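Thanks for coming, everyone. I have one structure to show you today. Let me put it on the screen.

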Amino acid sequence: MTRVNAELLKTVEASGEFNAVACMNCGTCTALCPLGLTNLPREIFRDVVLGLEEKVLANVETVFSCLLCRMCQVNCPAEVKIADNVRTLRVHLNKTLHHL
Ligand code: SF4
Ligand code: SF4
């Protein structure tokens, strides 16, 4: 059974800005990503918001593979600061993985 960490979003936000709730799941980011990332940002950000920590941890490689090119961010209709969120998530994961 999947465990929910109700504090996950708050913990991630302690590492920087993380504004993902405005995402309307339109798919523009996925269509434009030069790496063809399919689960970043939409799925992984949603997992953070929902506290699905195990799913986030299962996608660490994807989070660190993002080029931070901002192609997705500048075209996001919901103005989700995608690359900035990825940066914040990396800082959070660096702290967390250190303690696993
Ligand atoms: S482009 Fe923005 S609103 Fe659309 S799915 Fe991606 S993050 Fe969400
Ligand atoms: S910032 Fe990352 S997720 Fe967004 S388009 Fe560039 S490589 Fe893809």
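Start with ligand 2. It has 17 residues around it, and the nearest are Cys 33, Cys 66, Leu 67, Cys 69 and Cys 72. Keep in mind that this is a predicted model. What sort of residues make up the shell around ligand 2? Sixteen would be the word to remember: 16 are nonpolar, one is charged, and no polar residue takes part. Which helices supply at least two residues each to that shell? Helix 2, residues 28–32, is one of them.

Now ligand 1. Here the shell counts 15 residues. Cys 23, Cys 26, Cys 29, Cys 76 and Ala 78 come nearest. By type, the shell around ligand 1 holds eleven nonpolar residues, three polar ones and one charged.

Next, helix 7. It runs for 17 residues. From first C-alpha to last it reaches 24 Å, close to the 24 Å expected at 1.5 Å a residue. Which residues of helix 7 are buried? They are Ile 82, Asn 85, Val 86, Thr 88, Leu 89 and His 92. Look down the axis of helix 7: these buried residues fall within an arc of 160°, so they line one face of the helix. Turn to the face pointing away from that buried side, and you find the exposed residues Asn 94 and His 98. What does the buried side pack against? The partners are helix 1 (8–13), helix 2, helix 3 (42–50), helix 5 (60–65) and helix 6.

On to helix 3. Its buried residues are Arg 42, Ile 44, Phe 45, Asp 47 and Val 48. They pack against helix 1, helix 2, helix 4 (53–57), helix 5 and helix 7.

Let's look at the largest nonpolar core. It has 19 residues. Ala 20, Ile 44, Val 48, Val 63 and Ile 82 touch the most other members. Helix 3 and helix 7 each supply at least two residues of this core. Take Val 48 as a case. Which residues does Val 48 contact, leaving aside neighbours within four places in sequence? Leu 8, Leu 9, Val 12, Ala 20, Val 56 and Leu 89.

Last, the loops. Between helix 1 and helix 2 sits Asn 25. Asn 25 is not a glycine, yet its phi is positive, at about 60°. Is Asn 25 buried or exposed? Exposed, because there are 11 other C-beta atoms within 10 Å, and 12 or fewer counts as exposed.

Leu 68 lies in the loop between helix 5 and helix 6. Leu 68 also has a positive phi, about 55°, and is not a glycine. With 12 C-beta neighbours inside 10 Å, Leu 68 counts as exposed.

The loop between helix 2 and helix 3 holds Gly 36. Gly 36 is exposed, because it has 8 C-beta neighbours inside 10 Å. Along the chain, Gly 36 and Cys 66 are 30 residues apart, but their C-alpha atoms are separated by 10.0 Å. Pro 41 belongs to the loop between helix 2 and helix 3 too. Its peptide bond from Leu 40 is cis, with omega near 5°.

Conventions:
Residues are numbered from 1 along each chain as its sequence is written. Chains are lettered from A and ligands numbered from 1 in the order in which they are written. This is a predicted model: local features need pLDDT of at least 70, side-chain atom pairs count only at pLDDT 80 or more; totals for chains, interfaces and linings use all residues. A residue is near a molecule or strand if its C-beta atom, placed from the backbone, lies within 6 Å of it. Ala, Val, Leu, Ile, Met, Phe, Trp, Tyr, Cys and Pro count as nonpolar, Asp, Glu, Lys and Arg as charged, and the others, Gly among them, as polar. Helices (H or I, at least four residues) and strands (E, at least two) are DSSP runs, numbered from the N terminus. The expected span of a helix is 1.5 Å times one less than its number of residues. A residue is buried if 20 or more other C-beta atoms lie within 10 Å of its own, exposed if 12 or fewer, and partly exposed in between; C-beta atoms are placed from the backbone. The arc is that of the directions from the helix axis to the C-beta atoms. Two residues are in contact if their C-beta atoms, placed from the backbone, lie within 7 Å. A nonpolar core is a set of buried Ala, Val, Leu, Ile, Met, Phe, Trp, Tyr and Cys residues joined through C-beta atoms within 7 Å.
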